[in-house]
Amino acid sequence: MGTATGPNERLAAFGDELIEIHHRLREELAALRGDVDAFLDGRGGRPRELKEHCLSFCSVLTRHHTGEDDGAFPLLAAEFPELRPVIVKLAEDHQLVSGIVRSLESLLGGIAADPDAAEAERVRRELDGLTAILTSHFAFEERRIVQALNSLTPGSGTTASLLGLPMDDKG
């Protein structure tokens, strides 16, 4: 990680910040899946809290991907033309993830106040699909663009403007 030399400079490079954002999103997704499992196994979890947690996660994930699509990706495409095919693939992944998020949100919107096991199982299946795609997407993104992100200067933007989330946002 880089070190700051002035009050307006970042403490970490953008690529390192991307990895940290992905780490936090992975943790939240794992916690969410654990909540669903606990509910299904009868170990706890109140449906309303589970629904709110899931919707909150979906919102944070969408903000992150929208931030990349509108911020980091156009900048990287301009600065590193050789990354354009990678950026196109990442943007396609975002569309796929967005479809799953919309499906999950729709599913959650239709869940009763006291969902049965079948409804909870449908949520778990959607989360399993989302997890599989995000695991692959995050790993690919980190392998392919972290170095380029780390080479951007502090004047290129902020973590929020390029990656959709500020570093202190916990979701």
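## Ground rules

Contact here means heavy atoms within 4.5 Å of each other. With that in hand, let's walk through the model together. This is a predicted model, in which local features need pLDDT of at least 70, side-chain atom pairs count only at pLDDT 80 or more, and totals for chains, interfaces and linings use all residues. Residues are numbered from 1 along each chain as its sequence is written, and side-chain values use heavy atoms, with hydrogens and water left out.

## Overall fold

The protein chain has 5 helices and 0 strands, where helices (H or I, at least four residues) and strands (E, at least two) are DSSP runs numbered from the N terminus. Along the sequence, the pattern reads α-α-α-α-α.

Of the chain's 171 residues, 41% count as buried; buried means under 20% relative accessible area, exposed over 50%, and partly exposed in between, using a 1.4 Å probe and protein chains only. Among contacts between residues at least 6 apart in sequence, 77% join residues at least 24 apart.

Helix α3 (residues 84-109) and helix α4 (residues 117-151) have axes that come within 10 Å and cross at roughly 160°. Axes are lines fitted to C-alpha atoms, for helices over the stretch in contact, and the angles run from 0 to 180 degrees between N-to-C directions. The crossing of α3 past α4 is left-handed, a term used if the near helix is turned anticlockwise from the far one by less than a right angle, with clockwise giving right-handed. By class, this contact of α3 with α4 holds 16 nonpolar, 4 polar and 6 charged residues. For these classes, Ala, Val, Leu, Ile, Met, Phe, Trp, Tyr, Cys and Pro count as nonpolar, Asp, Glu, Lys and Arg as charged, and the others, Gly among them, as polar.

Now for the other partner. The axes of α1 and α4 also come within 10 Å, crossing at roughly 170°, so α1 and α4 are roughly antiparallel to each other. Helix α1 passes α4 in a left-handed crossing, and the contact of α1 with α4 has 20 nonpolar, 4 polar and 9 charged residues.

## The nonpolar core

In soluble globular proteins, nonpolar side chains tend to be buried together. In this model, the largest nonpolar core has 45 residues, and those with the most contacts inside it are Leu61, Leu130, Ile145 and Leu149. Such a core is a set of buried Ala, Val, Leu, Ile, Met, Phe, Trp, Tyr and Cys residues joined through side-chain atoms within 4.5 Å. At least two residues of this core come from each of α1 (14-40), α2 (47-79), α3, α4 and α5 (159-163). Helix α4 gives the largest share, 11 residues.

Ile145 shows what these contacts look like: setting aside neighbours within four places in sequence, Ile145 is in contact with Leu18, Phe73, Leu76, Leu83, Val86 and Leu90.

## Residues of α1

Leu29 is found in helix α1 and, at 5% relative accessibility, counts as buried. Not counting residues up to four places away in sequence, Leu29 touches Phe57, Leu127, Leu130, Thr131 and Leu134. One of these, Thr131, is 102 residues from Leu29 along the chain, yet their C-alpha atoms are separated by 7.3 Å.

Leu40 is also found in α1, but is partly exposed, with a relative accessible area of 22%. Beyond neighbours within four places in sequence, Leu40 contacts Ala117, Ala120, Glu121 and Arg124. Leu40 and Ala117 are 77 residues apart in sequence and 6.2 Å apart in space, C-alpha to C-alpha.

## Residues of α2

Helix α2 contains Ala77, which counts as buried at 16% relative accessibility. Leaving aside neighbours within four places in sequence, Ala77 is in contact with Arg84 and Ile87. Ala77 and Ile87 are 10 residues apart in sequence, and 7.2 Å separates them from C-alpha to C-alpha.

Thr62 lies in helix α2 too and counts as partly exposed at 37% relative accessibility. From Thr62 to Val97 there are 35 residues in sequence and 8.7 Å in space, C-alpha to C-alpha.

Conventions
Angles under 35 degrees count as roughly parallel, over 145 as roughly antiparallel, 65 to 115 as roughly perpendicular and the rest as oblique.
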